[in-house]
Amino acid sequence: MSASTEDRKKLRCIIIGAGNRGFRYSQYALDFPERLQVVAVADPNEKALRRMKEAHNIPDDNIHRDWKEIATKDKYAEFVVVATPDRHHKDPTVSFAKKGYHILLEKPMAISEEDCKEIAHVCKQHKVMLGVCHVLRYSPPMRKIKEIIMSGRIGDVVNIQHLEPVGFWHFGHSYVRGNWRNEAESTFSLLAKCCHDVDLIMWWMGKKRCEQISSFGSLVHFTKENKPAGAGSRCLECNVEQTCPYSAKKLYLGQFNSGNKGWPISVICNAEEPTLERVTNALKTGPYGKCAYECDNDVCDNQVVNMSFSGGATANLTMIAYTQRTCQRVVKIFGTKGEIRFDNQALQVYDFLSGKQETITLPSAPQEKSSLQGHDGADYFTFHSFVKAVQTNDPSLILSGPDDSLASHLLVFAAEKSRRQNRIVDTLTELPSWFGEIHEDI
Ligand SMILES: NC(=O)c1ccc[n+]([C@@H]2O[C@H](COP(=O)([O-])OP(=O)(O)OC[C@H]3O[C@@H](n4cnc5c(N)ncnc54)[C@H](O)[C@@H]3O)[C@@H](O)[C@H]2O)c1
């Protein structure tokens, strides 16, 4: 088959977990029906299944409450998207990889080191492509930063400062009231939120290997002790709601009334079209209407990670809930010949020798029209790269394959170990030897 015929090959995919992320990715097939068809779905949630069935016209035989029913059939698609909750990533990924499906797997890969290792191992053993949704690797500014570093323009990288401002209301939505609030039900917040950021730092450092890592952090604010005097158990029935920045009424009804029917409103309406009645009902009866100081949340709301790399370079990462911004990272990279600053979509490079500063203009959205606009278009680039990789059988188009993704996940687990055990983790002695070798390829 010629390359151009191969390029035009229409692919089939199966969505495992048709919630917020799974449904969003599936939109690519609606935007580009000549490239992709969603042929089956598995999700225990009837409403999520109905939404997928209607959007993609999936026959009843291919609608499943349990992904195992699909895994027992002969292979009938080229790839599977695994977008189940964090705790349910490993089993479907391993099963479908063993059947020869390529896998696009939501981050985090899995919630334990062992499971992450097994996923990477099985995908390699069965020669299937694995793309982990480290979407930021695909975002134009983050790629541009990598390109500038690789060009040698700022010399040798000596230090990286990286801030992940989660956003005060976003933290309340996802990590206090929502799916990632409780470690036993999901995972720790550094893995859930900042596996992206540790991954970027590792990627930008290239061949420099992280040799030591330490971390501090805790849950400071969203606790029962900090509940305001006179507050109710639900924001709709609270006498002091108007004085609380975390009011669910303000957040959800406020955003809905301003016309937002997408995230996070879509999440609280459980895969149904948001209406005033549904939003109000969710606040009356569901988790998103609870007082932010009365939830069973226990994940850190602030955490710092310090990293020491071979050759003496260092990096630090701060994850903080209490910010105006929502996940718009701030990055400073200091090299021996210049520095890179990235803030609020502005990317600047300063050259020590010439004293000149360049502001680099980046495309603000994908060139082709797509509804996958999340993460400033990075969701589109991630999905599109994976589709292209499968279509052309070229794994080099996947920027977040099994080795890199496993390596950066291992660093996240090491950082969390440091925080819990109150000690520096030495990756030279505590991580496997291949962790060092992989840096030759990054
Ligand atoms: N790449 C990113 O930046 C990014 C952003 C947000 C979320 N995520 C990750 O994506 C994944 C999905 O998150 P989400 O926001 O879509 O959550 P979600 O709760 O909206 O969707 C998960 C879906 O999986 C379904 N499900 C649960 N158990 C299942 C099972 N055993 N088999 C099949 N389906 C099952 C649920 O019913 C739900 O519909 C999570 O791992 C999350 O951490 C990644």
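1. A residue is called buried here when its relative accessible area is under 20%, exposed when that value is over 50%, and partly exposed in between. The structure under discussion is a predicted model. By this cut-off Lys-208, with a relative accessible area of 16%, is buried, whereas Asp-156, at 43%, is partly exposed.

2. These two residues form a salt bridge, in which the closest N and O atoms of Lys-208 and Asp-156 are 2.8 Å apart. The pair links distant parts of the chain, 52 residues apart. Lys-208 belongs to the loop between helix 9 (189-205) and strand 8, and Asp-156 to the loop between helix 7 and strand 7.

3. Gly-217 has Gln-303 of strand 9 as its bridge partner.

4. The buried residues of helix 7 are Pro-140, Pro-141, Met-142, Ile-145, Lys-146, Ile-148 and Ile-149. An α-helix has 3.6 residues a turn, so residues three or four places apart point the same way. Just after helix 7, Gly-152 adopts a positive phi of about 85°.

5. There is also an open sheet of six strands, with parallel pairing and the order 3-2-1-4-5-6. Strand 3 (63-64) and strand 6 (130-132) each have a single partner strand, so one side of each is left without a neighbour in the sheet. Strand 1 (residues 11-16) and strand 4 (residues 79-82) run parallel and are joined by four bridges. Cys-13 has Phe-79 of strand 4 as its bridge partner.

6. Helix 3 (residues 46-56) lies across strand 1, strand 2 (36-42) and strand 3, at about 155° to strand 2. Helix 5 (residues 90-98) lies across strand 1, strand 4 and strand 5 (102-105), at about 160° to strand 5.

7. The salt bridges of the structure number 32. In one of them, the closest N and O atoms of Arg-329 and Asp-197 are 2.7 Å apart. Arg-329 lies in the loop between strand 10 (314-320) and strand 11, and Asp-197 in helix 9, so the pair ties together parts that are 132 residues apart in sequence. Both Arg-329 and Asp-197 are buried.

8. A further salt bridge joins Lys-227 to Glu-294, with the closest N and O atoms 2.2 Å apart. Lys-227 is in the loop between strand 8 and helix 10 (248-257), and Glu-294 is in the loop between helix 12 (276-285) and strand 9. The two residues are 67 residues apart, and the pair links distant parts of the chain. Lys-227 counts as partly exposed at 22% relative accessibility, and Glu-294 counts as partly exposed at 32%.

9. Salt bridges also link Arg-21, Arg-24, Glu-106 and Asp-379 in a network.

10. Ser-370 is placed in the loop between strand 14 and helix 13 (378-392), and at 9% relative accessibility it counts as buried. The side chains of Ser-370 and Asp-31 are joined by a polar contact of 3.2 Å. When neighbours within four places in sequence are left aside, Ser-370 is in contact with Asp-31, Phe-32 and Tyr-380.

Methods. Residues numbered from 1 in each chain as written. Predicted model: local features only at pLDDT ≥ 70, side-chain atom pairs only at ≥ 80, totals over all residues. Heavy atoms only, no water. Pairing = 2+ DSSP bridges. Contact = heavy atoms within 4.5 Å. Axes fitted to C-alpha atoms, helices over the stretch in contact; angles between N-to-C directions. Buried < 20%, exposed > 50% of the residue type's maximum accessible area, 1.4 Å probe, protein only. Salt bridge = Lys/Arg side-chain N within 4 Å of Asp/Glu carboxyl O. Polar contact = N/O pair within 3.5 Å; in protein donor to acceptor, adjacent residues only side chain to side chain.
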